[in-house]
Amino acid sequence: MNCYKIVTSIILFLVIVSPVYAQVVMDEDMAIPISMDDENAQINADISFKVEIDETNMETSEYSINILNSGNYSVKGYVEIYMVFIPKRIKVIVDGEEADIITQEKSYTNSRYRVNIDMDADSNRTIDVTYQILKTPRQWNVGLWALQYNYNSPINLQFSSKKEDYVRTNFNYEGKIDLGYEPSKLNCNNCIQDGNTITVNDSDYFYVNWEKKRVPYRAGVLYIFMIIGIVYYLVKMRK
Amino acid sequence: MSFKSKIKNIVKNCTDSVKEDKYLKIALIILLFAFFLGYSIRVFDFTKSPIMGEIGVIYPIHQEAFPYYMGGVSLESRSMDSSISYDRISESPIDILYVMRNNVISAVLLVSTGVLLGIPTVVFTFLVGLSAGASIAEVLEFAGLIVAAKTIFLLTTYMIAVVLAASIGIEMGSAIIRYLKTNIFEIDKKIYDKAIVVIIIVVINIILQYVLLVM
């Protein structure tokens, strides 16, 4: 009887333990090694900017990015500048010297430019990005009485080290967006609006959208002609 | 009889037959009322996007004009005295298959749904008018003069085909209703002429749209 109990206990033990063990092994395999250790590569990017969008929607932007690698490993990566139109001009200066810009994509709907950045352990670099571009309204849901615009940071930083494929980058934005006209229905995310000026302070992300009012003259003229025609027809039929 | 007078006679006969054709009038009235409704709701921003934009068959304008007017919207912001020039978007998203499909399916749909007592024909004619009216407002507003003129011209030729095809559909529907009532199936012989005219206009439209939009 005792023997029977022992055998049953062993079988039950194996039945319970084996899937638990398998789950533990699988979890270990699947776990993504997220580095919480301060000694690993860590990138901090302080981004200050000044954006001016004039009455004709020509945007002139100046971004200054201070990147600090506070980790013990050197990192390789790039600064990517993403836009939704083709810029009139773009210039990137890295530590006082003009950098070679790699054009990733260039079209009227998407333009991407990249500058490669390598950083030693515990070092910092300064990148200045200046560009001028026509600010385009959203191409879908186009209102005839108002065009919708939005703005968020075009800067993206991506780094990797010999230890990690992806090194986390902490962003900190600070700057101003000056609009050359009175925006309507402005919606600010992580920013403050004061009249035509939008201020971003100590934020890792920001997003603004607004509308610019307009009058649909061309479509309106045809509509007025249609109304005149209908009224004329009604008056004529009444007689 | 000279060639000139022959042409005059043909045009006069066509005009007279159009004036007498009640089905053509019904189709035209439906289309124009729907067009006015579509234009009204677009011009007051009641809708900010194309109506029925996903259904290419009953949506003749937006897809064709979109890349052009998109350039127009972009350039909307540009200062008049500015010397900056951006090339207009030149790639057309449409091809010969798109053009053929839209024209042929539209005509076949409007004619063939006439057998369902003409009700779907009337609905589709209304939707074509509604979507065309809603689209032409934004094309007029944002596209350049040449593109707008081209679009209006192509819309007009498309509308002619739609009205003719819809009139055939409605006539077929009414013939079936009459047949159900009186047990006599009668169709005016003019319907065959109209069908030939529809085929000719659809072919011409395909050629025109291919030349003006795709090439």
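Predicted model: local features only at pLDDT ≥ 70, side-chain atom pairs only at ≥ 80, totals over all residues.

Trainee: How many helices and strands does the secondary structure of chain A come to?

Mentor: Helices (H or I, at least four residues) and strands (E, at least two) are DSSP runs, numbered from the N terminus. Chain A has 2 helices and 15 strands.

Trainee: In what order do the 8 strands of the open sheet in chain A lie?

Mentor: Two strands pair if DSSP finds at least two bridges between them. In chain A the order is S5-S4-S8-S2-S1-S11-S14-S13, with mixed pairing. Strands S5 (97-98) and S13 (192-194) of chain A stand at the edges; each has a single partner strand, so one side of each lacks a neighbour in the sheet.

Trainee: Which strands pair with S1 of chain A, and in what sense?

Mentor: S1(A), residues 43-53, pairs with S11(A), residues 169-179, in the parallel sense over 11 bridges. A:Ile43 stands opposite A:Thr169 in S11(A) and opposite A:Asn69 in S2(A). A:Ala45, in turn, stands opposite A:Phe171 in S11(A). The hairpin of S1(A) and S2(A) has 4 residues between the strands, and A:Asn57 takes a positive phi near 65° there.

Trainee: Which residues form the covered face of S1(A), and which the uncovered one?

Mentor: In a regular strand the side chains alternate between the two faces of the sheet. In S1(A) the covered face holds A:Ile43, A:Ala45, A:Ile47, A:Phe49, A:Val51 and A:Ile53. The uncovered face holds A:Asn44, A:Asp46, A:Ser48, A:Lys50 and A:Glu52.

Trainee: What are the elements of chain B, from the N terminus on?

Mentor: They run α-α-α-α-α-α-α, and chain B has 7 helices and 0 strands.

Trainee: What percentage of the residues in each chain is buried?

Mentor: A residue is buried if 20 or more other C-beta atoms lie within 10 Å of its own, exposed if 12 or fewer, and partly exposed in between; C-beta atoms are placed from the backbone. Buried residues make up 24% of the 239 residues in chain A and 40% of the 215 residues in chain B.

Trainee: Which residues have the most contacts inside the largest nonpolar core?

Mentor: In soluble globular proteins, nonpolar side chains tend to be buried together. A nonpolar core is a set of buried Ala, Val, Leu, Ile, Met, Phe, Trp, Tyr and Cys residues joined through C-beta atoms within 7 Å. The largest has 43 residues, and B:Ala27, B:Leu31, B:Ala161, B:Val162 and B:Ala165 have the most contacts inside it. H2, H4 (96-112), H5, H6 (145-182) and H7 (190-214) of chain B each supply at least two residues of this core. H6(B) gives the largest share, 13 residues. Apart from this core lies another, of 36 residues, including A:Ile43, A:Ile81, A:Tyr131 and A:Leu179.

Trainee: With which residues is B:Ala165 in contact, leaving aside its neighbours within four places in sequence?

Mentor: Two residues are in contact if their C-beta atoms, placed from the backbone, lie within 7 Å. On that basis, B:Ala165 is in contact with B:Ala107, B:Leu110, B:Val111 and B:Val198.

Trainee: Is A:Ser203 buried or partly exposed?

Mentor: A:Ser203 lies in strand S14 (residues 197-203) of chain A and is partly exposed, because 16 other C-beta atoms are within 10 Å. Leaving aside its neighbours within four places in sequence, A:Ser203 is in contact with A:Tyr173 and A:Asn190.

Trainee: Where is the place of A:Arg168?

Mentor: A:Arg168 is in the loop between strand S10 (155-161) and S11 of chain A. A:Arg168 is partly exposed, because 13 other C-beta atoms are within 10 Å.

Notes
Residues numbered from 1 in each chain as written. Chains lettered and ligands numbered in written order.
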